[in-house]
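Take a look at the model below. We will go through its contacts step by step.

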Protein chains: 2
Amino acid sequence: TDWDRWMLMGLIGIGVGMLGFLTHQIIDYLIKLKWELVKNYLQNGNFHMTWICILGSGLAMIVVSSGLVVFFCPAGAPYGLPEVIGFLNGASIQHIFNVKTFLGTFVSCVLAVASGLFCGPEGPMIHLGAIIGCGLSQFKSDTLGIQLPFFTRFWNSADKRNFITAGAGAGIASVFRAPVGGLLFTLEEVASFWDIRLAWQTFFCCLMAAFTTDLLSSSLSGFVYRGHFGFFKAEKRILFWVKNLLDMSVLAFVPTIFLGILGGLFGALFVSLNIKINKLRERFFSSIKKTSLRKTSKLLESVLVLGCTITVTVYLPYFFSCTPVMNLRTLQLKNSSEIISPFEREISEYSCPSGTAWIGPDGVKYSNQTFNEAAALLAENGKRGIMYLFRRGTHEEFGYTSLITALAFYFFLSCWTAGSAVASGLVIPMLYTGALYGRIVGLILVSIFGVQTNEQGAWIDPGLFAAVGAASFFSGVSRLTISLTVIMVEITNDVQSLLLVMLAVMVAKMIGDWFNMSLYSSLLKLKGIPYLDSEPLASHKKNRLNLELFFARDVMEPCVRVLHLRENIASLAQLIASTSHGGFPVVYKPKPDQVEVFLGTITRLELCMLLQHEAIFETETNHDSLSCCPLLLYQKITVEKLPDPPQMTMLLNCYSTDPQYQQLFINLEPYINKSAVSVQAHFSLQRTYIIFRTLGLRHLTVVDLQNRVVGIITRKDLMSFQLEERLARQLASQKRDSDEQPLD
Amino acid sequence: TDWDRWMLMGLIGIGVGMLGFLTHQIIDYLIKLKWELVKNYLQNGNFHMTWICILGSGLAMIVVSSGLVVFFCPAGAPYGLPEVIGFLNGASIQHIFNVKTFLGTFVSCVLAVASGLFCGPEGPMIHLGAIIGCGLSQFKSDTLGIQLPFFTRFWNSADKRNFITAGAGAGIASVFRAPVGGLLFTLEEVASFWDIRLAWQTFFCCLMAAFTTDLLSSSLSGFVYRGHFGFFKAEKRILFWVKNLLDMSVLAFVPTIFLGILGGLFGALFVSLNIKINKLRERFFSSIKKTSLRKTSKLLESVLVLGCTITVTVYLPYFFSCTPVMNLRTLQLKNSSEIISPFEREISEYSCPSGTAWIGPDGVKYSNQTFNEAAALLAENGKRGIMYLFRRGTHEEFGYTSLITALAFYFFLSCWTAGSAVASGLVIPMLYTGALYGRIVGLILVSIFGVQTNEQGAWIDPGLFAAVGAASFFSGVSRLTISLTVIMVEITNDVQSLLLVMLAVMVAKMIGDWFNMSLYSSLLKLKGIPYLDSEPLASHKKNRLNLELFFARDVMEPCVRVLHLRENIASLAQLIASTSHGGFPVVYKPKPDQVEVFLGTITRLELCMLLQHEAIFETETNHDSLSCCPLLLYQKITVEKLPDPPQMTMLLNCYSTDPQYQQLFINLEPYINKSAVSVQAHFSLQRTYIIFRTLGLRHLTVVDLQNRVVGIITRKDLMSFQLEERLARQLASQKRDSDEQPLD
């Protein structure tokens, strides 16, 4: 029975749910505090003082936020989704699931969003969820020196990977209240290895995360108790709830295809721009030699981004006059049981005079409330902006000027923000940018056909196209399909526009793929994380190579250090000290007159752990009896990483120099992995890649027909650029001696 | 570029969408016709004449429906989801994607549902979708003798499998208007091999299917043109649309857990009952020796099921009086723009007097319409019943008596129906059964707490618990999780109750798994389809065996017929004629003094195709020059099945007897698969299974350390029962000579 696994999944879900709740509450609280500060200045129209106050408080936050990432996090750079994806694909990344990284990322992310930068907390939440998944399941921390004797049976890399995947999914589930969306997100983008059992456990984890966030949010808002504990209002739970579903016309598919194309184009532009900015940034910072200076200048860049953002945010509304809140918006209030009272002043009102509300003689509620379009779109945060843009029946609430201005500034500033030295996410900015141009397209339709109130024309609603546009841009940047569609349904509760969303997503992905890779893939490449796609891809002179025509021997590393069943301690220590290989093939001679054949593999870590136990060393004399020595338990030699690397170095040094170890031997037989897969040198490269990737290997031994070791293939050998280089050399040499036999 | 693949996916989607539309239209039309016939008898309360008419028309349909399956379909039995699942897992199943199977299944399914049996069209629709996927992508039919030169590049088993998967998903997408649900259903239950590219193509296929069904249904209803072409009303698109989302209380999770437990218990009971009935049926029919008699008695069983079903359907409402249509239901009409007119008589009114409607002095619409609870639940079809049960705000519309009676009859009759000789699906019955007991639980809550109209008690709504119950029973029977949740959201548009649905689904699956396997797995086992799970499972004396402790040699077939690079025609023909192996290892001696090593494999089909080309046969003399003979193209020998089996038998016979072929040889080298994976005999059984399953193999050669062939493992060798038998023998022999060395 797997009760402990389920319990752990539940715990991870609850943990991530609490974290998601905290993140939201703190962000909302800080934003409210910030605007409370300048309320009076705003009402008097004192923009300069507003700017000073908002910038000042923002600066305080961003300095802490960026400082934490640069100086406190062990990596010195913000980690996020690409690193988690790379790790789950099998790459090894330092410090990614560290306690310090967790604290730094959490605080940095909360402060960055609250400071007013154009970013969201989603990316970091996925990473934080993954850290919780890792930390809780392993129940130990190297940084803190803690190691608790719970759940020890999950101390292996397969289970660890599963819990990390579940935690990452719970992050999305909590932040969007989208449990199924979070699950599918991990399936589509995060996890490289997946089976239905893991899916089903992640399902539970995401459920618990969404439930916890809902439960805690039900009664607390900005850390103030509002009653109704355990009462989930649809209004609050469904982030961008679309209340009135529109009957749809097939004509709506025309602007949707257009939005899809826009999404693909803008998305591809965003990706390439972001990568360019990142490369430029990389080059600039690496030109600064002094570490402290480089770190400080990274921090200064974040400050600069914030300065620009705040200036735009505060001064742009100055150029816009006050717009009356639309009647259609007011009409909705009539049906609800809301009590007529003076409105609480919202940020979107900005410097406009306060409005009042009254009930007309016809029983309908009226108000003369006004708001500032630019302030509504830019001042608060992206989430609130999306809420305004998605709202149905508000055809002309936002005009072309405010939408286009907001789009331009938001697009470039969010592109610049992503990649600067703060922990920030891109999901909200992507949805928001898309919603902006979606609404512009909707507004164009309204301009052409007028505000339609009859049933047949109900679909010409800018709110609908804002939602479709949001999906299209998200897809254009991230190239997600299934999970994105499900997330859209979960955050809007609008199944009726599902087909439109799917179509926009599809077109955007197709157009985007035509130009470049998805943002995550591009970042994986940029950051040099060795990620293996599920299918091999290599091209030569712009033609895609058919890897069926190449062989395993074409990419293997032919110089392999092999071990024998009986190894000398001194030479083994020397080998480990002088190489950095992660694993070694072990060979053996079945009979004295036969060749040495491949028997299995042993990893570097296992060798190191073995060498730490002198009790199993043998002298040369007991040559024949193999089982005389005490055997080490499997648990003792299977570790995630070396407990004490400096001590190991000393030990290796001692073994290689002290002459007594020249006489000692170790019998590796009980410890080698005899089920290690090998391929024949004449295997097709395509097949070799599939075997390597599908079975999730780290090393693949290449043998000849007699089962002798002739080479080894590692992850790096199968990366696209490496493949291309080796195969190009291969093709060149083939051209030279083209009369060579294809088969040997 | 993959434009042809996308086009084909689109075509498959459109085809399946049209088929789904047709299915629904015909069923609705036939049901309407049937009840139109007895309208007058019903109004006069003449139950006997009603029974005769309904039974008569039903019998006519069921005889055709069952007759088609039994006498016309090549398999003589209804194929459905289990066969598709088995095929995609790698099992070979005869006639599954045949034109005759398609026609028979389609007509049989439509007539079975229309006849009044307690079944739905979903299972057959998945199968039909898969057939469309197969037929369109291969663009050829052996039955019809058609072979068109389109899309020839997809004539391989991998692509075929992908198109079949997409078609199956489109089937669900079309029938539920749930594109994402259909996609996830294939991922979770149907497909054994899956990658993100396939997901993304299936996504498109499902989108096109749902769109086509929507578009065609928008203007046609029962084949009558109703206008509004291309106008998708939410009312029609979302099958069981929940219009008013309820604010939820955390207390709702308590009855949800209870429903989950019920779902698990009832689900497990349903599975075991269905399997028992199927076994009984199997035993009974196999005791009838004469084929025609056996087939006829199968048909008679369907007739018997129908007789019972119709009798219950028609006479049960006799015991129920007329219930007034609830005020709450009437109130809803007020908001819509419906014109006051005499109601069209619905089947649910049954023998009740016609009602009229009027507008009261308070502007609210009233009516004295009445309906018969049992008729509403049983007479029409499950889909309509679900619609009534899911409706919110109808707290006391159905009483305990009608719900419990309907539940009892529906549960047993649908369990009996599933497996009889008609093409029928179980999805609607599963949802319906669950909705029935869900509503009973909801009614109990209403009895305890009363009809709550305030905000805090809104969640005590039997409609909500009917939906949760439906999900729980579906999960209890099918053990689906993710796809089920998404389908529930897509057919109800209720994200607010998502957490409840997830929880119920989870609990039901856990409880159900405790008792038995899912219905599909049980049917796969019952039908003897060799399905390999993603993880091996074998137990010995009720303890689960750790397969890491066993080896590949423990389950391999040690007597292997190996081929050499140069084979004699006569002996090859004899080998093929005398064995039924699907593939053979090919061995070769690198140097005269060395042992024969494993080089690759060749399949039986490839050997047969080679033998049909006498041009490549060699005489003994040209022994040295390997490449003198003409080479056959890869396309010529890679076929799905033998073009002409009788001719092949003759040819083999001729080769083995005619002495001239004793002198002829064939050089197999150019045709063997040199990238065939092999495992060492000392590989752990766990690892061997994972390699076999993950790489989707059909044969796995077992070699020793010198790379000599020592055995072969096939799909059958890895089936649970086979594993258990062999390992039990292994354990027994280990006990006998327990002093034997574990390593050799």
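Predicted model: local features only at pLDDT ≥ 70, side-chain atom pairs only at ≥ 80, totals over all residues.

On the side of domain 1 of chain A that touches domain 3 of chain A, 2 residues are nonpolar, 5 are polar and 2 are charged.

Where do these domains lie in the chain? Domain 1 of chain A covers 3-237, and domain 3 covers 548-736. Domain 2 is assigned to 250-290 + 312-322 + 373-526. The C-alpha centres of domain 1 and domain 3 of chain A are 40 Å apart. Their contact uses 9 residues from domain 1 and 7 residues from domain 3.

The size of an interface is often given as the accessible area lost when the parts come together. Domain 1 and domain 3 of chain A bury about 700 Å² between them, and carbon and sulfur atoms give 36% of that.

Now turn to the two chains. Between chain A and chain B, about 7,400 Å² is buried, with 69% from carbon and sulfur atoms. Trp200(A), Leu499(A) and Leu705(A) supply 9% of what chain A buries against chain B, more than any other three residues. Here, too, the rule finds 0 salt bridges. Polar contact links 15 residue pairs of chain A and chain B. Helix α9 of chain A, residues 196-219, gives the largest share of the side of chain A that touches chain B, with 11 residues. That side divides into 47 nonpolar, 16 polar and 15 charged residues.

Strands also cross between the chains. Strand β5 of chain A runs antiparallel to strand β6 of chain B, joined by 2 bridges. Phe232(A) has Met248(B) as its bridge partner.

Conventions:
Residues numbered from 1 in each chain as written. Chains lettered and ligands numbered in written order. Heavy atoms only, no water. Domains from an automatic or database assignment. Contact = heavy atoms within 4.5 Å. Buried area = accessible area lost by both parts, 1.4 Å probe. Nonpolar A, V, L, I, M, F, W, Y, C, P; charged D, E, K, R; others polar. Salt bridge = Lys/Arg side-chain N within 4 Å of Asp/Glu carboxyl O. Polar contact = N/O pair within 3.5 Å; in protein donor to acceptor, adjacent residues only side chain to side chain. Helix = DSSP H or I, 4+ residues; strand = E, 2+ residues; numbered from the N terminus. Pairing = 2+ DSSP bridges.
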